[in-house]
Amino acid sequence: VVCSSPEAIKSMLLKLIEQLHALASYDFSALAPGQSLRSNREFARQRDVLSNRSEMADAVVRVIQLWRTGVVIMDEVDILLHPLRSELNFPIGFRDPIDMSGHRWNLPIHIIDGVLFAATGCKLADS
């Protein structure tokens, strides 16, 4: 069970992209031991940085693979998955009302009411 905010999930995915981009754009031909002690220390430091980035990217990939076999329950899915209304995209301008906002809440309540009526014989609401 994972409880998380949408921002944290998006942030983790962006971190994966950042790590993969850093690994892909690194010039590995420059990563070779040198003649001096200073260049060998820099070589070891760069090797450790690349190793840490690779391990972090591998860990995030394992989490994403775990999520692919799970079930997600999202509240306000229309806002969470909308690319222009997402908080990580820093939307600007006036707020517009959500499309069909009143009817969006009636459908899930009606479905839950039907399931509960089939299970218990009692309705939630008369409307």
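Biologist: Where do K15 and E18 sit relative to each other in helix 1?

Modeller: K15 and E18 are three residues apart in helix 1, so about one helical turn separates them. This is a predicted model, and the positions should be read with that in mind.

Biologist: What do the side chains of K15 and E18 form?

Modeller: The general idea comes before the case. Side chains of opposite charge can pair when their charged atoms come close. Here K15 and E18 form a salt bridge, with 3.4 Å between the closest N and O atoms.

Biologist: How exposed are K15 and E18?

Modeller: K15 has a relative accessible area of 32% and is partly exposed. E18 is also partly exposed, at 44%.

Biologist: How many salt bridges does a search of the whole structure find?

Modeller: The search finds three. Besides K15 with E18, R45 pairs with E42 at 2.8 Å, N to O, and R47 pairs with D48 at 3.9 Å, N to O.

Biologist: Where do R45 and E42 lie?

Modeller: Both are in helix 2, three residues apart, which is about one turn of the helix. R45 is partly exposed at 43% relative accessible area, and E42 is partly exposed at 36%.

Biologist: What are the relative accessible areas of R47 and D48?

Modeller: R47 has 42% and D48 has 40%. R47 therefore counts as partly exposed, and so does D48.

Biologist: Turning to the fold, how many helices and strands does the protein chain have?

Modeller: The secondary structure comes to four helices and zero strands. Read from the N terminus, the order of elements is α-α-α-α.

Biologist: Which helix has the lowest confidence, and which the highest?

Modeller: Confidence is given per residue as pLDDT, on a scale from 0 to 100. In this chain the lowest mean, 66, belongs to helix 3 (residues 77–80), and the highest, 85, to helix 2 (residues 37–68). The mean over the protein chain is 77, and 82% of its residues reach 70 or more.

Biologist: What percentage of the residues count as buried?

Modeller: The cut-off for buried is under 20% relative accessible area. Of the 127 residues of the protein chain, 12% count as buried.

Biologist: Is Q19 buried or exposed?

Modeller: Q19 has a relative accessibility of 5%, so this residue counts as buried. Q19 is in helix 1 (residues 6–24). Leaving out residues up to four places away in sequence, Q19 touches R53, M56 and A57.

Biologist: And is Q46 buried or exposed?

Modeller: Q46 counts as buried because its relative accessibility is 17%. Q46 is in helix 2. With residues up to four places away in sequence not counted, Q46 touches Y26 and L31. The C-alpha atoms of Q46 and L31 are separated by 7.7 Å, and the two residues are 15 apart along the chain.

Biologist: What share of the contacts in the protein chain comes from residues 24 or more positions apart?

Modeller: The share is 51%, taken over contacts with a separation of 6 or more.

Biologist: Which residues make the nonpolar surface patch?

Modeller: V2, L13, L66 and W67 make the patch, which covers about 370 Å². V2 lies in the segment before helix 1. V2 has a relative accessible area of 57% and therefore counts as exposed.

Terms used. Residues numbered from 1 in each chain as written. Predicted model: local features only at pLDDT ≥ 70, side-chain atom pairs only at ≥ 80, totals over all residues. Heavy atoms only, no water. Helix = DSSP H or I, 4+ residues; strand = E, 2+ residues; numbered from the N terminus. Buried < 20%, exposed > 50% of the residue type's maximum accessible area, 1.4 Å probe, protein only. Contact = heavy atoms within 4.5 Å. pLDDT = per-residue confidence, 0-100. Patch = residues over 30% accessible without salt bridge, like charges linked within 9 Å, V, L, I, M, F, W, Y side chains within 5 Å. Areas by Shrake-Rupley, 256 points an atom, 1.4 Å probe, with all protein chains shown as cover. Salt bridge = Lys/Arg side-chain N within 4 Å of Asp/Glu carboxyl O.
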